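Please look over the sequence and the structure before reading the points below.

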Amino acid sequence: LTRAEIPLLLVQGEFSESADLSVQTSQDQILLEKKERLLEVWEFRTTEPASQTQLRLQLPEEADPENIRILIRGTDGSWRKEAHHVLGRYAVVGLASHDDAVAVVEIKSTPWLLYGGVAAGVLLLAVIVLSRKKKKTK
């Protein structure tokens, strides 16, 4: 499975040459916080378990690497936040032996610059209105 002719998902570990990886989209429902948006979910299976594995997932084009969270589904079916780092187009995350799905979640950042601009505009408008009132009372 590829995106832009680059492998979508890679699992690194100690596997035999006959090991195989299958990947498919998932319809799993994930409970997110208010400021989060699910970008994509992938299920993966290897034909043989391995310890000390890492998953490399190519991030979607719309994902801002600074504002994503990676979730991993464990053996009990629950999702957990997992520390990751970005290497090129890939998010790299450690896996436990029976993890079987990965989700990319966008964290919607608060547009502080926009809020600051609106507040400055309101303050400027208040100063103008007050200065005009002072001129009229003189």
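The model is predicted: local features need pLDDT of at least 70, side-chain atom pairs count only at pLDDT 80 or more, and totals for chains, interfaces and linings use all residues. Residues are numbered from 1 along each chain as its sequence is written, and side-chain values use heavy atoms, with hydrogens and water left out.

**Asp100**

- Asp100 belongs to the loop between β10 (90–95) and β11 (101–107); strands are DSSP runs (E, at least two residues), numbered from the N terminus.
- Asp100 counts as buried because its relative accessibility is 17%, where buried means under 20% relative accessible area (1.4 Å probe, protein chains only).
- Beyond its neighbours within four places in sequence, Asp100 is in contact (heavy atoms within 4.5 Å) with Trp42, Glu43, Phe44, Arg45, Arg73 and Gly74.

**Nonpolar cores**

- A nonpolar core is a set of buried Ala, Val, Leu, Ile, Met, Phe, Trp, Tyr and Cys residues joined through side-chain atoms within 4.5 Å.
- The largest nonpolar core has 18 residues, and Leu9, Leu55, Leu57, Ile70, Val102 and Val104 have the most contacts inside it.
- At least two residues of this core come from each of β3 (9–12), β5, β6 (53–58), β7 (68–73), β10 and β11.
- Another core, of seven residues, lies apart from it and includes Val41, Trp79, Ala101 and Val105.
- Leaving out residues up to four places away in sequence, Leu9 touches Leu21, Val23, Trp42, Phe44, Leu55, Arg56, Leu57 and Val102.

Conventions. Helix = DSSP H or I, 4+ residues; strand = E, 2+ residues; numbered from the N terminus. Buried < 20%, exposed > 50% of the residue type's maximum accessible area, 1.4 Å probe, protein only.
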